[in-house]
Amino acid sequence: MAADEPEGPKPAGRAPSAPRHTRRLTDKILIAFHHACDQGDYEVAEEMLRILEMMIRRRTVSPDANRRKNMESLVAAHERLWLLRHPEKDV
């Protein structure tokens, strides 16, 4: 048995498979952005947006059916960060 293999019996009825990736990387970065906002770490949130922007811009080479949705999510994320950094004061 190799050092990186888990010890013990393998679950019955399950064939070995490749790891499942149920979300796109852009979705995971957007989730990390929202998590940073929730934690009040606006520097990290801003960096996540920069990375997300780079990825969306880079994908313009090949047409992407989800481009409009990605752009709308990016705009909404920028709006959220702006609102968190510039809260309106009640008078």
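So, is arginine 24 buried or exposed, or something in between? Well, arginine 24 comes out as partly exposed, with a relative accessible area of 26%. Its salt-bridge partner is aspartate 27, and the closest N and O atoms of the two are 2.9 Å apart. Aspartate 27 is partly exposed as well, at 25%. Keep in mind that this is a predicted model.

Okay, on to the inside. The largest nonpolar core has 14 residues, and the ones touching the most other members are Phe33, Ala45, Leu49, Leu52 and Leu81. Helix 1 (25–39), helix 2 (42–58) and helix 3 (67–85) each put in at least two residues, with helix 2 giving the largest share, six residues. If you click on phenylalanine 33, look for its contacts with Ala45, Met48, Leu49, Ala77, Arg80 and Leu81, leaving aside residues up to four places away in sequence.

Back to the charges. The count of salt bridges comes to seven. One I like joins arginine 85 to glutamate 46, with the closest N and O atoms 2.8 Å apart. That pair links distant parts of the chain, since arginine 85 is in helix 3 and glutamate 46 is in helix 2, 39 residues apart. Arginine 85 is partly exposed at 37%, and so is glutamate 46 at 25%. Both also belong to a salt-bridge network with Glu47 and Arg50.

Last one: glutamate 72 bridges to arginine 68, at 3.2 Å between the closest N and O atoms. Here both partners sit in helix 3, four residues apart, or about one turn. Glutamate 72 is partly exposed at 46%, whereas arginine 68, at 66%, counts as exposed.

Methods
Residues are numbered from 1 along each chain as its sequence is written. This is a predicted model: local features need pLDDT of at least 70, side-chain atom pairs count only at pLDDT 80 or more; totals for chains, interfaces and linings use all residues. Side-chain values use heavy atoms; hydrogens and water are left out. A nonpolar core is a set of buried Ala, Val, Leu, Ile, Met, Phe, Trp, Tyr and Cys residues joined through side-chain atoms within 4.5 Å. Buried means under 20% relative accessible area, exposed over 50%, partly exposed in between (1.4 Å probe, protein chains only). Contact means heavy atoms within 4.5 Å. A salt bridge is a side-chain nitrogen of Lys or Arg within 4 Å of a carboxyl oxygen of Asp or Glu.
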